[in-house]
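Morning, everyone. I'll take one hairpin, then the whole chain, then the cores. Here is the model.

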Amino acid sequence: METLLLERASTMFTKCAVGQFECINGTSIKDGSSCIQKAERCDSVSHCSDNSDEQDCERLGCPGHFQCQDGVCLARQHVCDGIAHCHDGSDEQSCSEWRCNFDELSCNPATGNGPCLPALWKCDGLEQCANGFDESNCPDTCTNDEYFCAGQRKCIPEAWRCDGAIDCSDGEDERLCDCPLDSFKCHTGGCVVGAYVCDGHAQCPDGSDEWHCYQLERGDGALRVKRNSSEALAVCGDGWNGALADMVCAELGYAGASKILFTKVGSSNGSLVDSMYRVTEKNRLEFEPIHSMECNQGLQLYCEEYRCGRERIQPTLEQRIAGGVASDPNQWPSLALAFSNNAAVKCTASIVSPRWALASYTCIMGKTEFVNNRNVGDMSWKLFAGSALFNASLEDTAAAAADASYQIVDVKRVVPYPQSKYKQFMYTGDVALLELSAPLKLNDMVGSVCLAEAASIDSEQLCLTAGWGSDLENTATTEQYLKYLPVPTVPTERCNSSIHYNGVLPENAICAGFLNSNKTTCYNDEGAPLMCYLDGSSQWQLEGILSYHGNCGKRPHPAIYNSITSNISTWIRNTVGNDLMFERVTTSGTYRHEYYHYYHHHYYHRYFFYCFFCRQ
């Protein structure tokens, strides 16, 4: 029946151009259009939401691609790349005889054999060859935010310059990294004139010149402001109002201000302050330096604080054995869905503060399975939270249903991790932050996740992942799912051996998931959180996010999660503006930080659990 449908579709009028394939239901996973490239047909990756591009491929002999000995299709670029993608390993046999086509680029030009990449991938900024050949000898067409490696002749992001890691073959990107005395040294990526620091416009490639511009002491509410390259100064309370307080709290990642107090001018030790900043506008954060003698009152500011990790799932012995414990389905409060292009493009995200969410660079900036239109960072994104069931029609009713449990907010900007680097088939540092145009209302259905300072998973820890499952029969609807995973299902040494990723596993990667199972992560799941239970604090902590799902578990390798490293956690803390997502509850019920102010609530949720192979 499927074959008949495809044959009928091919003879009917098509909206697609020559060299394209039309999805039967007219929906491309990539961008929601009707058409995909013909080269994407039968490449083992579902580019159409109804999987019509992968139907009847085995019978046809996988036209344009490689057919494993067991009949399964495989994209040509994966043949002889050092990793066995076929279950029978036939894609890594007779590699000395494998030859590239005329419209392909060989990663081994001396021999002309594989891996063989589409010629369009030459100098596209993504290093597909293990030896980097596809990104060498490129024309000097670097943009203003890129650096040209003259020796290797390739462009790299400016943020990779002077970041402590050599990216140009001769190390030229790590030379001449000192800055003039009157300049600000970016955390990565060079220098900025001191006058541009904290001017509201990021000049550094990593945005570090706009970090710590507002410094708030949570205990006593003391606010200090930094402008230019000078030291941060205390703020005078003259002319201050609630709108300005909300703006400062928004800059620090909070929903808004909770309290303003006016005090006597002075410091904590009783001595007068020499210099201060005074606000000059009623509706903008513009300041002028003054002497403390000109200030009539000091300022104490408190923001609406929040608590991460309100989930109250208590692991039990039954959940650690096959079968798990079934309960009524409900949603995971910190899990959200970023969507764009009339919900045709979707990415899993985790809420880290009322104004920020964490997602995958791979998904937000362009899914790496696709050749064309990889960079979708300039698309208009929205964030959905508060319900386990998402339907595209909810966007139309969100404004009218003000009392609805779910929330939909616009994404103000996408901030990709500046050290995200692509190698062969995936990114390292595969994270991006989404700043929201309006704060989420945190409640029992919408909460923030706790993040690891530096991922470290104990072999006895219970971990889970959560994401959004798509219904191929109803592509407009996605439903949240939750399942337990053994962690790690494959130790790093084994995962990076010839059995699986054969030495190409990125540093700090976490291998987890099910092999050859339908209980696995899939499309839209890039960015799905890997959360582990902390016995000491009874909290779930996000240790990593899904970067590579192995084509929905069809390939004989585990999924790869990008771990939250100390560098990533530092970048998140500085970009968001606060560190409440890193706070932990001790066994006594207190917090690691000395001061913590929040409205106390108790939240209880029931979920549906799976636990398949809690130890491999």
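**From a hairpin to the cores**

Start with strand β8, residues 154–157: K154 and I156 form its covered face, C155 and P157 its uncovered one. Strands here are DSSP E runs of at least two residues, helices are H or I runs of at least four, and both are numbered from the N terminus.

A caution on the source: this is a predicted model, local features need pLDDT of at least 70, side-chain atom pairs count only at pLDDT 80 or more, and totals for chains, interfaces and linings use all residues. Residues are numbered from 1 along each chain as its sequence is written, and side-chain values use heavy atoms, with hydrogens and water left out.

What joins β7 to β8? Four bridges, with the strands antiparallel. Pairing takes at least two DSSP bridges. E146 sits opposite P157 in β8. Four residues lie between the strands of this hairpin, and R153 has a positive phi near 60 degrees.

Now the whole chain. It has eight helices and 33 strands. Of its 616 residues, 53% are buried, meaning under 20% relative accessible area with a 1.4 Å probe, protein chains only.

On to the cores. A nonpolar core is a set of buried Ala, Val, Leu, Ile, Met, Phe, Trp, Tyr and Cys residues joined through side-chain atoms within 4.5 Å. The largest has 60 residues; L223, W240, F287, L358, L433 and L451 touch the most other members. Domain 3 (212–304) and domain 4 (325–394 + 405–576) each supply at least three residues, with bounds from an automatic or database domain assignment. A second, separate core has 25 residues, including A349 and C363.

Terms used
Buried < 20%, exposed > 50% of the residue type's maximum accessible area, 1.4 Å probe, protein only.
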